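Please keep the sequence and the structure in view while reading.

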Amino acid sequence: MSPTRIIIDCDPGVDDAAAILMALGSPELDVLGVTTVAGNVTLSATLTNACRIVGLARRPDVPVMAGARAPLLRDQIFGKYAEIGAFPAQLVGMGRVEPAAENAVRFIARMARAAARIQSPLTICAIGPLTNIALALRLHPEVARGIRRIVCMGGTFHASGHRSPWAEFNMLADPHAAAIVFGSGVPLVLFPLDVTTKALFTESHVAAFRASGCEGGRALANLLTEYDRSDPARYGRLGGPLHDAMTVAWLLRPGLFTGRPARVEVQLTGPTIGQTFADFAAPSPRAAVMTGVDEPGYIALVSERIAASGRAGHRGPGAGTQKGKAE
């Protein structure tokens, strides 16, 4: 079977780093490019962080590009650790790939249109605010036809938000972009906080990352130690989630997850801006909202693929040539 062709659109972020490393450690996935957007931190910092993570995985063949530096309409907000900016070198090292010159939005649109023309749609792994993807969808109608699905970390339906009481950060950061993506007709697989907080990584899992024998694993362990995600008062037990990595895990082993079809929308104005809501009885739903996860299986998969990232022998499909060249 041919590997699944994906673009990772992200705002690194610790969670994003785990997702990128996982994807680059998985031969089932052909990562065409990593595109960045302002979100957890500024655009310049997300670009630097993505370049460092791809460098840790030893994948200079994967282009990294910068996209939107601000949301479509609302005032800009940043994540909990915005003051960190770029990952400190003492945690992740100085190695990095150089960013590509192409704008991320144009790259997404170009690759999707090329995929539409050859009738082989690609998948977008969306783990930041959806600004880049919304802009790409608006550039040309062929873009939507070239996207098989968008696998997205975002939203919350029952769990409390983690940037406001009612909203998950990616939706809150650019709800208008989310509305465009949700209404585009492209099939959506959504990982809300309701499911991402059901799988928690403890100190023993972090120690396993550190002992994995790869630079990416050590860097991820350093980040998780420095920016502790454990919150027993919120989660009811020790440990913290790696929200974004679930999108990659679903692409590799969808059987680890359960979900329900729904139509999903987002609040665009007022005090509950960014709140997501779902109609699970809607006719012809275009979204699958994930509701359950096999926690041990998910954690084992993340650990396995983090350990595989950057190993001399794993280069992924098409390695040795610069990706993103489809016209």
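## The largest pocket

Helix α1 provides the largest share of the lining of the largest pocket, namely three residues. Helices here are DSSP runs of H or I with at least four residues, strands are runs of E with at least two, and both are numbered from the N terminus. Helices α1 (14–24), α7 (169–173) and α12 each supply at least two lining residues.

In total, 33 residues line this pocket, and Asn40, Lys80, Tyr81, His162 and Arg229 lie nearest its centre. A pocket is an open set of points, on a 1 Å grid over the protein atoms alone, where a 1.4 Å probe fits, with protein on both sides within 12 Å along at least five of seven lines; lining residues have an atom within 4 Å of a point.

## Basis of the model

The model is predicted: local features need pLDDT of at least 70, side-chain atom pairs count only at pLDDT 80 or more, and totals for chains, interfaces and linings use all residues. Residues are numbered from 1 along each chain as its sequence is written, and side-chain values use heavy atoms, leaving out hydrogens and water.

## Tyrosine 235

Tyrosine 235 belongs to helix α12 (residues 232–235). Beyond its neighbours within four places in sequence, tyrosine 235 is in contact (heavy atoms within 4.5 Å) with Thr197, Leu200, Arg229, Gly240 and Pro241. Its C-alpha atom is separated by 25 Å from that of isoleucine 20, which is 215 residues apart along the chain.

## Leucine 72

Leucine 72 is located in the loop between β3 (64–66) and α3 (89–92). Leucine 72 counts as partly exposed because its relative accessibility is 31%, where buried means under 20%, exposed over 50% and partly exposed in between (1.4 Å probe, protein chains only).
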